[in-house]
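Open the model in your viewer and keep the sequence panel beside it. Select each stop as you reach it.

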Amino acid sequence: MKEDEYSVHKTDPLSVGKGLVCFLQLECVGELNLKMERRQNQTPEGQIARVLVEFLEVAITAVVFLKGVYPSGAFQRRRYRNVVIQRARHPQLRYYIHATVTGLLPFVQKGMVERVAVIFFNADNIPLEKFVFKLAMNQAYGSEVEEVDLEISLRSFLIKLSNSDSLSKVLPPDCRWEITAYFRSLPETGTSKEAELWIPTDTKQWQQPPLITPIKSMSSEPLCLQLYLEHPSLSESLL
């Protein structure tokens, strides 16, 4: 286990196919409001972190919907940044995703988070597939951030993600999933409630370098973001 690998203490909040009411899919497309409270005199890094965390909540929900681990009726169509997306209807699922990514906000703002991954496991707790968001934020960026430009760039990730089903693999029916964050430096426990929510992950690691499939990337000031898939190497997947 690497020192900088931390995962939230709650994993998949619902057993796949169990305890989940299948709702009828709504045809109407409402507006999803995930806007976090805007603070006066917010620093550029705080502004970027807020927009990025909002995006991660929507994108992670999109990944879970894309993989089909829950019935399609467990989601409803909404509009976010003028893009049609899926929102979790089950309160436990929605809370897990929301609480996890918003708990990352202070660490993203400080530049401590290197990657956020949605990991899918088989019944033996071995990772089958990872959707990885790799981020780098310029902490020295002192200019005001044009949120419109940043949101347009992030919106393109959601569009690309919704069309990436052919790049991923079919999951077994007994799979589970979790959100894992990879930190550049370890959060100091006892200094904040957010730090206490994260514990060292016990996720099994692949022994060989993974196969990487790029999905989307952007590189601009003050934020660089990559989205890609990781799968076990061919030799390891045959073991």
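Start at G68, which follows helix 1 and has a positive phi, near 65°. Helices here are DSSP runs of H or I with at least four residues, strands are E runs of at least two, and both are numbered from the N terminus. This is a predicted model: local features need pLDDT of at least 70, side-chain atom pairs count only at pLDDT 80 or more, and totals for chains, interfaces and linings use all residues. Residues are numbered from 1 along each chain as its sequence is written, and side-chain values use heavy atoms, leaving out hydrogens and water.

Now select helix 1, residues 44-67.

Which residues of helix 1 meet helix 4? Among them are F55, V58 and L66. On the helix 4 side, look for residues including L154, F157 and L161. Contact means heavy atoms within 4.5 Å.

Last stop: E178 in strand 7, residues 176-183. Is E178 buried or exposed? E178 counts as buried, because its relative accessibility is 3%. Its side chain makes a polar contact with the side chain of T180, at 3.2 Å (a pair of N or O atoms within 3.5 Å, one able to donate a hydrogen and the other to accept it; residues adjacent in sequence count only if both atoms are side-chain atoms).

Methods:
Axes fitted to C-alpha atoms, helices over the stretch in contact; angles between N-to-C directions. Buried < 20%, exposed > 50% of the residue type's maximum accessible area, 1.4 Å probe, protein only.
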